[in-house]
Structures are given as C-alpha cells and as structure tokens.
Amino acid sequence: MGLPEERGRSGSGSRGQEEAGAGGRARSWSPPPEVSRSAHVPSLQRYRELHRRSVEEPREFWGDIAKEFYWKTLCPGPFLRYNFDVTKGKIFIEWMKGASTNICYNVLDRNVHEKKLGDKVAFYWEGNEPGETTQITYHELLVQVCQFSNVLRKQGIQKGDRVAIYMPMIPELVVAMLACARIGALHSIVFAGFSSESLCERILDSSCSLLITTDAFYRGEKLVNLKELADEALQKCQEKGFPVRCCIVVKHLGRAELGMGDSPSQSPPIKRSCPDVQGKLKEKSKRVQPQISWNQGIDLWWHELMQEAGDECEPEWCDAEDPLFILYTSGSTGKPKGVVHTVGGYMLYVATTFKYVFDFHAEDVFWCTADIGWITGHSYVTYGPLANGATSVLFEGIPTYPDVNRLWSIVDKYKVTKFYTAPTAIRLLMKFGDEPVTKHSRASLQVLGTVGEPINPEAWLWYHQVVGAQRCPIVDTFWQTETGGHMLTPLPGATPMKPGSATFPFFGVAPAILNESGEELEGEAEGYLVFKQPWPGIMRTVYGNHERFETTYFKKFPGYYVTGDGCRRDQDGYYWITGRIDDMLNVSGHLLSTAEVESALVEHEAVAEAAVVGHPHPVKGECLYCFVTLCDGHTFSPKLTEELKKQIREKIGPIATPDYIQNAPGLPKTRSGKIMRRVLRKIAQNDYDLGDTSTVADPSVISHLFSHRCLTIQ
C-alpha cells in the first residue's frame, strides 16, 4: 500500500527531531545515521504537497488508496458525500456508499491466500506472568476466526446484531471481534476493568443479544473474577427487562486443565518455559481458585463450541457504510456515548495511518500497549496492524508487574521495533529512574509513539533520551475515539519535532482554529480545534441517538467537526493541544491551559504527575488548584510548594501562579489511565456530589484527597 504518486519512490537522508519546552522555539539536533527517513515516508516538502492534494482532492486521493483493498463490488455512485452544517439539514458522512467488502477478509484471507503470509506470526501473546506465552500465525488466526464465526452463526447471530465482548487481553479477544466483523455483526467491546454496572449499561444501550467473556484473569497480583462481574451485569439486564440469551465463556485461568496441546484451532495453550515460574503459578492456583458460577441454558464454554465448529466460513459482504463496531467513550466526560464506526472508511484510515505514522516495514515487530477495550487497541492492536500484515505483541499484564523492568524486557524478548504507549505509563516509569530501562538493550527500537493525552516536555525528553537512547523518532499522536485514527501527528524522520507538539495534520485532515465567534484564525493562534471536512475514519453517529451526535460535534460551530479540545498553532505551523475546552481556565480575564500549567509543575524534579483544575475566586473569578504526585524520595512541604509556585511564575507568568497546591499520592483515574478532572474539581470545591464514579480505578484515592484538601476561600 503506497501513497498516491508515492509508490516505489526512494529517499535518503534524515530529518532531525528538536528539543524545547512546551511552546518554545525548538533547537535542532542532528540525529545519528540510524535515524533516517524510510523509502516510503515522504520528505517534509513532499508531505506538504501530498497533504494539500489529499485535502483538495479527497475523492481521488482516498480512491487511489482504496484500490489496494478487496471490494466485492465497487462504488456505483459518488465516492464521498457529506454535510457538516446543521443549518443545512441532517449531518451525514458517506464514503464509498454502495461498494461492498469485508474487513476480516481484507486483514486475514488476503494476507494468507494472496500475500502468502499464513506462516507469519500475527501476535506474540505475553501473559500477566513472564512465563505465560504463546504465538499465533495468520493462518491459525484465520482458522480460529472462521470457527468462531460459525459458532456465532449457530447461536443465531446475524448481520447487524450487536455482540458484547468483556475480556482481558488474550488472543480470543481478537478472534471474537474479527469473527463478528466476518459475519457482519457489530462488536461492542467493554474494557475488562469496567464494573458490572458499566457493562450492563452498554449492553442495554445497544441491545446486545450475546455476551462473550472469560472465567477470570490476573492483573498484576490482583485476581479479577470476570465471570462473576458478567453474571451481575446479566442479572441487572434481566431486572431491567432485557434478558441476554447467551453468554460464551473462555476458560482462561483454567486453560491448563483442558489439555489441548498445541492445537491452534481452539484456545491457544499457555507455554511456560520456566519451571520456577510454573511452580509459582501452580502455588497461586492452589491458593486462589475462583469459583465460577454456571447458568444452565445461558452459559456455554468457548472451547466446547470451537471443537464442534467447521474451519471455513464465507464472509458476509457488507456495504462500505454498514456499521463495523460500537465503542463507548469512557465515563470521565459524563454518560458514555456509543461511537459508531463503519466498515470501508475505517478500514482505509487505520491501515493508512498505521503504515505511515509508524513507518511500517514487513520485518517490524509492533507493540501498542493499549487495551483493546479502547479505540487505540481497536485501531492499532487489531485492525491497523493486521491490515498491513504486521507482527504485533499482545500484552495481558501491567508495566510494573512483576517489576518495573517488564516493558523493556518484553521489548528485548521479541525485538520490538515500533513501540506505542501512553504518557501516563511514561511518567509512571520515570519515577523509578533510568536504571530499569538502561539495563536492557532496546537496540531493536526504531520508532516510539505516544497516545491518549498531550505529553509534557519532560516526559517526552526522558522517553527520547533514556528509552530511545536519543536515536528513535517520537510520534506524538493526537486523535479521539470519534476520529478512528491519527489526526495530528509527526511522520517519523520526515517532520522535525518539538516535545509536546502533535505537529501536523495527517493526510486528508483539514484542521482549523476558531475563536469564540466561530471565525477561523490564521497564523499563530489559540482557540477551538475543529476539522473542516471528513476523513474516512470519522464516526458516523452516536448509536441510537443521532441528535446527540449532531449536538455534541456540529452544533457549536456549523460547518465544522468540533473536537472539544483547545489548540494553539505556533509560528512554525505546529499544533499544540492545550486540553479539553472545559479544562481551560479564565483567570482575571486570561485564558490559561491546564495542560500548560501541569507541564510546568512536572518539570520540577520532585513532581511525577500533576493535575490542575479551576476553583472559584472572589477577585479573579477563577484560580488554579493543583494536585501533585511526588517522585519517590521527595517530601511535600511548604518549601516545595513555594518552589512549585516560583517555577510556574517563571515558566508561564505571574498570572498562572496557583492559589492552592495539594499533595496527591494518587489521582482519580479511569481504568485506561485518564485523569478524571471533573472529580478533582468537586474535591477542590469540597463538593461531595460526584455523580457517577463507577469508572474510577481506585475509589479510595477520592476519600484521601477529600480528607487532605487545602483550606480554600470562595
């Protein structure tokens, strides 16, 4: 798959990255010879030409890329139709409507049969314990997906039905979602860290007729009895008048009891290479053996159904605009929204962003640490890598178990070349110093990526200097559940970088910055980030509530998709995400970005993580209330508080000096690691009316913060 007019071109030379504080003028550095632009990543000048064409001629640009995929029938009418203006009628987006394809066929069948990649490893699976491993080839994955597709059809699942999936990061999760895609059913994956109430809410909202789950799993030292939570959710559904007729259960912790050898057609066995690890696991198994309840007539074992299933399954040919999946946004912004993505456009966009943003090559081993329960896992663990025939790492564990070396030992073990993780994880590991990283080789790494939130310059520099040994380009990607794939991002080795900047728009993306009146701002500017026209991966609606879709994303500024994020464009044309619009503070008439203040705080050697919210002030209208988590070995004190205030004054200006700084050993976060600032705002104001906190990973953090909050005035 190549860019239009770019396939087969060759290139040499390199583009350096740059180092600077947030928003500052960057200083160029000259990279070593290893950091070079690949033959298929365009130069900066060529990128600008291609981007201009992709925006001015989106039908031709994406039409050329679409030719790289299999279509059962071609698009009979307009390649793109849309309306972004609510004043002119219903909002709609249609890419290639009338064309038919199947995304599972494109990512599996074609790789096995046409591209002859059947024996290539699709996933190296690394379990919670270092000794738990297996691998699955493209052929084995295709066989399992066909088998489970037949299982679903036998259970009465048809095209258009919704299937809920509530599983940890195991190969069966990928099999389940691809099987849904193969038969035209919509998968609705719920992160396995969510509560039974959250699962119930999502099942009810999209009327899922079947649930797929697991007996139990370990997350670090913690045992999660997932089947028990699933049972509670199904009981709640029953009580609310929506009985789910079937629940398929993977025997994950009890896998060793099945004695399936190395058969790829059933649940993959766990291979434990180390007797010591195996012994510890047996001891753990004896110590904590979860009781699995069984509901006759509803519950079915995955492995028993797979034994009876055929290994061939004709795919359901779907319209390009048929829905592919529903994914609910996390609860940190209120009631979850069921984001709907469609087959054709999403396939084109995740495949293309994966290839160029990560500079993918056939020999790469790619590792995205995100859970498949989030959009990052959908796009860059499953669909994007598989569409390119990539080999990926699928990781069940956490970065700090059994110790803080885990990520880097996995990088060395599988010779990972492209590594994609969240700033939250980077800041967490920074607390433990350089030694856990530098004791490992990491020589295989070529490109590093970040996702989920703006990365502060200090974390960016540590990631680059320590993890990447100053030789790996960093792609700091901005995008959303709603966008399907990367929107603002560097291209490795092609675009000079500034720590903390999302850099430039991807192909087909037309950003603008608006003021409060909806006027486009030129040159250096700060305001609302919007997009002026659709890209193939854009969501099409909120499931069952198109009016909410229009109100949330198009009503404020008719004619634009509104991201809800603030953004600054500097004099070099780089984009800097300043945080959610509701994370912008108006202090004495000055608009301040919480992200900018947080970056200033974490630049202090004592601060590992920070979160800033607004607090009412009798004179300023609003003032800053800061929560800081300290690095190991540092103590919170009045002296440190004054140092932090001085640092903010020096970095940003006196207007940004916080009135309150609270020591926060932990911050309230969703299970995906997103800081729940709406909860922090309540804590700052001593308001115990928190609303829904079911998605908080550790509720005890909230109680601690309330009991240690600063004495405030209003």
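Biologist: What joins the side chains of E520 and K532?

Modeller: Side chains of opposite charge can pair when their charged atoms come close. Here, E520 and K532 meet in a salt bridge (a side-chain nitrogen of Lys or Arg within 4 Å of a carboxyl oxygen of Asp or Glu), with 3.7 Å from N to O. E520 lies in the loop between β26 (511-514) and β27 (525-531), and K532 in the loop between β27 and β28 (541-542), so the pair ties together parts 12 residues apart in sequence. Helices (H or I, at least four residues) and strands (E, at least two) are DSSP runs, numbered from the N terminus. The model is predicted, so local features need pLDDT of at least 70 and side-chain atom pairs pLDDT 80 or more, while totals for chains, interfaces and linings use all residues. Residues are numbered from 1 along each chain as its sequence is written, and side-chain values use heavy atoms, without hydrogens and water.

Biologist: Which residue forms a salt bridge with R427?

Modeller: The partner is E453, the closest N and O atoms being 3.2 Å apart. R427 sits in helix α13 (residues 423-430) and E453 in the loop between β22 (447-450) and α15 (457-467), 26 residues apart. R427 is buried at 7% relative accessibility; E453 is partly exposed at 23%.

Biologist: How many salt bridges does the structure hold?

Modeller: The structure holds 29.

Conventions
Buried means under 20% relative accessible area, exposed over 50%, partly exposed in between (1.4 Å probe, protein chains only).
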